[in-house]
Amino acid sequence: MEQSRYRGTTLILEIIGVLLALVFLVPFYFLVSNAFKKYGDILLDSAALPNPWTVDNFTRAWDIMSFPASFMNSLIITVTTIIGLAVISSMAAYRMVRHSSKYNNLLFAVFVAAMVIPFQSIMIPLITVAANLNLTNSLSGLWFAYMGFGSSMTIFLYHGFVKSIPLEIEESATVDGCSPYGVFWRIVFPLLKPMTVTIIILNSLWVWNDFLLPDLMLGEGQRTIPLSTYAFFGQYTKQWDLALAGLVMGVLPILIFFLMLQRHIIEGITAGSVKG
Amino acid sequence: MKSSGWSKSWIQQIVFTGPATVAFAIIVALPFFMGMYYSFFDWNGVSDNLKFVGLGNFTAIFQDEAFINSFIFTSKFTVATVILSNLVGFILALLLTQPVKSRNVLRTIFFMPNVIGGLLLGFIWQFIFIKGFSAVGEKTGWALFNLPWLGDETTAFWGVVIVTIWSTAGYLMVIYISALINVPKDLMEAASIDGATAMQKLRHITVPLIMPAVTIALFLALSWSFKSFDIILSLTKGGPYNSTQSVALNIYTEAFQNNNYGLGTAKALVFFVIVAIITSLQVWLTKSREVQA
């Protein structure tokens, strides 16, 4: 029964699906195949496969973009941000749920309300504040800015999750003499793991791909991958051979991250958006 | 004893909520209120002399043709992308909830563009519109591919729309899939026995049952489109002739290229009010859905 039903309409749907997938993949084909071509070959025919293949573009783009440095900057800022946000936001959300005083409820309301503020509507005074506090031109300053911008949504997501954790376990731990900090780190935080995974994924994609905040805060010397790609493109406009190789290198890390963790990423995004 | 318990509780309050509150206050709250203050001044961002202009910046906004045009572009762009990316996302979701064998691979492929940042996406497509399309046009002779895609106002508009759909449809698809798999099978079978066609089942059973997901997906797309910046910056830089300049890009240009910080913050405030209305509507509709569920 299943078999005979499959052969009919499902086969047609399967073919349609594969054709649509090919349409979705075409941009990647153009990107990758032309990155391996000599400049003249790109101008001659950008739809053809490379003939001959060359990796020359990659070695040159690697040096000009100082790719290893940009990659390290992106990696450092992403990893420290996701750790920092998970720590400060889970603690704050936990306190707000378990001690829902008037003050804490107001605080939570302010964090949630701030989620509607678009970045572009506060970026101008932010730069003034950041410059006065010496937060510009350094990765640690950028990190601090991410703590401020990321805390709203991260607290909001943790807040909903802490509410679902039964209070009894914490109470018995307190009776056994565990300090409030011990209760949180040894008992509550491990229970938050599913939400922590979602939060790590959402924040990684955001920070890794973010362009505007690092563009405004970091100086010439320090670049993340989006920044070095932007500068590189500006410098080598229409030098497609170099530009495309640079783009392939820029896209590759996040694509590998996605393909390795795709099940968690898709689940995390669904959970985050349905709750958010 | 009582006072030490009180102070202990305050220390805990500070340890648990302090770091997030301080970062938030400095990075979000302070600039937010400073922006309101600056929007009443003429200020170039560098010098210390602020000239009070009252509502001058706000009246200037409504005579600023570039800003009004960017607002019109953003509205048109939002309508087009919200409808089309949801349509594409929904069709893909319908396809992937059928028993097709390749559905896991297909889901990965359709979602893939979404993990790449808007800035890189825009650059990839800049190459495709300029070089890729003309190569395809030469081979197939199809006039569609021989148009000057990013060089003409109409096609540049649709160019930005196409790239946005390519990047967001997979995300919306995932939301629709999670709703579609919860539509009860027995309901569909009962309808089939009663002789309902596929279209009738879709209209009268599936769509009403997944309305909560439709609400979320529509408003997510709405708020992304309205705040669009990265893709436009790298794909067209707002051109040709500023025809694809979004409100977000207009604010950026006003402040960091024209150095009109005062006017920029006034524009930013107007932008905030509009986005706040849209997003509050989103939160309100999502919440009203939670009550029913």
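A:Gln239 sits in the loop of chain A between helices α12 (225–235) and α13 (240–260); helices here are DSSP runs of H or I with at least four residues, strands are runs of E with at least two, and both are numbered from the N terminus. With a relative accessible area of 32%, A:Gln239 is partly exposed (buried means under 20%, exposed over 50%, partly exposed in between, with a 1.4 Å probe and protein chains only). From A:Gln239 to A:Thr154 the C-alpha to C-alpha distance is 41 Å, and the two are 85 residues apart in sequence.

This is a predicted model, in which local features need pLDDT of at least 70 and side-chain atom pairs count only at pLDDT 80 or more, while totals for chains, interfaces and linings use all residues. Residues are numbered from 1 along each chain as its sequence is written, chains are lettered from A and ligands numbered from 1 in the order in which they are written, and side-chain values use heavy atoms, with hydrogens and water left out.

**Chain A as a whole**

Chain A has 14 helices and zero strands. Its radius of gyration is 24 Å, well over the 19 Å that the globule rule gives for 276 residues, so chain A is more spread out than a compact globule. That radius is taken over C-alpha atoms, and the rule is 2.2 Å times the number of residues to the power 0.38. The C-alpha trace spans about 75 × 70 × 35 Å along its principal axes. Of the 276 residues in chain A, 53% are buried. Where contacts (heavy atoms within 4.5 Å) join residues of chain A at least 6 apart in sequence, 72% of them join residues at least 24 apart.

**Loops and backbone**

A:Gln120 is in the loop between α5 (102–113) and α6 (123–132) of chain A, and at 7% relative accessibility it counts as buried. Leaving aside residues up to four places away in sequence, A:Gln120 touches A:Leu212 and several residues of chain B, including B:Lys227, B:Phe229 and B:Phe271.

Most residues other than glycine have a negative phi, and most peptide bonds are trans. The bond from A:Asn51 to A:Pro52 is cis, with omega near -5 degrees, and A:Pro52 lies in the loop between α2 (39–44) and α3 (56–64) of chain A. A:Ser66, in the loop between α3 and α4 (67–98) of chain A, has a positive phi of about 35 degrees and is partly exposed at 39% relative accessibility. B:Asn259 has a positive phi of about 55 degrees; this residue is in the loop between α11 (247–256) and α12 (261–292) of chain B.

**Aromatic rings**

The structure holds 50 aromatic pairs over all chains. Rings of Phe, Tyr and Trp (its six-membered ring) pair if their centres lie within 6.5 Å; planes under 30 degrees apart count as stacked, over 60 as edge-to-face and the rest as tilted. Two pairs are set out below.

| Pair | Centre to centre | Angle between planes | Type |
|---|---|---|---|
| A:Trp62 and A:Phe67 | 5.2 Å | 40 degrees | tilted |
| B:Trp125 and B:Trp166 | 5.5 Å | 70 degrees | edge-to-face |

The pair in chain B links distant parts of the chain, with B:Trp125 in helix α5 (residues 118–140) and B:Trp166 in helix α6 (residues 153–180), 41 residues apart. Both B:Trp125 and B:Trp166 are buried. In the other pair, A:Trp62 is partly exposed at 40% relative accessibility, whereas A:Phe67 is buried at 7%.
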